[in-house]
Amino acid sequence: DLNLEVAAGEVVSLIGESGIGKSTLAQILAGFLASEAGEVYFAGEKANFKQLHRQQGGLQMVFQDPQAALNPNFTVQSAVAEPLLLNHTKMDLSAAVKSALLDVGLPQTAEFLAKKVRQLSGGQKQRLALARALVMAPKLLIADEPTSMLDASSKANLLRLLKGLQNAKGFSLLMVTHDLASAVKVSNRIYVLEDQVRLTEFTDLTRFACGQG
């Protein structure tokens, strides 16, 4: 009996302890897992995930582990261009890939584009996964623990980048995390998942951060 919503252009965080079901809920909302009960709506209509994943202005997800989410044998160019190729876009692929890499702070040189994914650092891989999602210009981005596998410096940089991109491009962002401080920094609202069955919404994040939520 969980209900949550993300408004257009809004940043919402879903937080809770490890193992409580945040990622499962996020993957249901993103259409990667089927819901045994309940429905997901996108822009007022029942979500057609096959279509939403394959269209510009749809829904994309960034997973916790970029090493599992990206083919290590792909080049940087191929990893970012693949969604556009699969969806038969008529865009200039080279320009689109370079623009996405620029957005996430990665080089656009021929040398970097030719690198294999396995040659990149953990932080670079997560930025690449973000570029791969953003190249589809989603209206909603779901980010599942996007910083949990990064060191403190890379984590802070990626959070700033993610919030800056959301501000600049206006997409809605649902961020799944167990990190309260990160959630408070970037969110308009926060949902707390407790005992896998109770979802509590907080809108006054100043009071919430002080433990008065």
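In this predicted model, helix H4 (residues 76-86) packs on helix H5 (residues 93-103) at an angle of about 115 degrees, the two axes lying 9 Å apart, and the crossing of H4 and H5 is right-handed. On the H4 side the contact is formed by Val 76, Gln 77, Val 80, Ala 81, Leu 84 and Leu 85, which meet Leu 93, Ala 96, Val 97, Ala 100 and Leu 101 of H5. Sorted by class, the contact of H4 with H5 comprises ten nonpolar residues, one polar residue and no charged residues.

H4 also packs on helix H7, where the axes come within 7 Å and cross at roughly 30 degrees. Because angles under 35 degrees count as roughly parallel, H4 is roughly parallel to H7. H4 passes H7 in a right-handed crossing, and the residues in contact are Val 76, Ala 79, Val 80, Glu 82 and Pro 83 of H4 with Leu 128, Ala 131 and Arg 132 of H7. By class, the contact of H4 with H7 holds six nonpolar, no polar and two charged residues.

The geometry of the two pairs is set out below.

| Helix pair | Axis angle | Axis distance |
|---|---|---|
| H4 and H5 | about 115 degrees | 9 Å |
| H4 and H7 | roughly 30 degrees | within 7 Å |

Which residues of H4 are buried? They are Val 76, Ala 79, Val 80, Ala 81, Pro 83 and Leu 84, and these buried residues pack against H5, H6 and H7. Just after H4, His 88 adopts a positive phi of about 55 degrees.

In soluble globular proteins, nonpolar side chains tend to be buried together. The largest nonpolar core in this model has 38 residues, of which Val 80, Leu 101, Val 104, Leu 128, Leu 130 and Leu 141 touch the most other members. At least two residues of this core come from each of H4, H5, helix H6 (110-113), helix H7 (122-134), strand S5 (140-144), helix H8 (152-169) and strand S6 (172-177), and H7 gives the most, with six residues. Apart from this core lies another, of 21 residues, among them Leu 14, Val 40, Leu 140 and Tyr 191.

Leu 101, leaving aside its neighbours within four places in sequence, is in contact with Val 76, Val 80, Leu 106, Pro 107, Gln 108, Leu 113, Leu 128 and Ala 131.

Methods
Residues are numbered from 1 along each chain as its sequence is written. This is a predicted model: local features need pLDDT of at least 70, side-chain atom pairs count only at pLDDT 80 or more; totals for chains, interfaces and linings use all residues. Side-chain values use heavy atoms; hydrogens and water are left out. Axes are lines fitted to C-alpha atoms, for helices over the stretch in contact, and angles run from 0 to 180 degrees between N-to-C directions. Helices (H or I, at least four residues) and strands (E, at least two) are DSSP runs, numbered from the N terminus. A crossing is left-handed if the near helix is turned anticlockwise from the far one by less than a right angle, and right-handed if clockwise. Contact means heavy atoms within 4.5 Å. Ala, Val, Leu, Ile, Met, Phe, Trp, Tyr, Cys and Pro count as nonpolar, Asp, Glu, Lys and Arg as charged, and the others, Gly among them, as polar. A nonpolar core is a set of buried Ala, Val, Leu, Ile, Met, Phe, Trp, Tyr and Cys residues joined through side-chain atoms within 4.5 Å. Buried means under 20% relative accessible area, exposed over 50%, partly exposed in between (1.4 Å probe, protein chains only). Angles under 35 degrees count as roughly parallel, over 145 as roughly antiparallel, 65 to 115 as roughly perpendicular and the rest as oblique.
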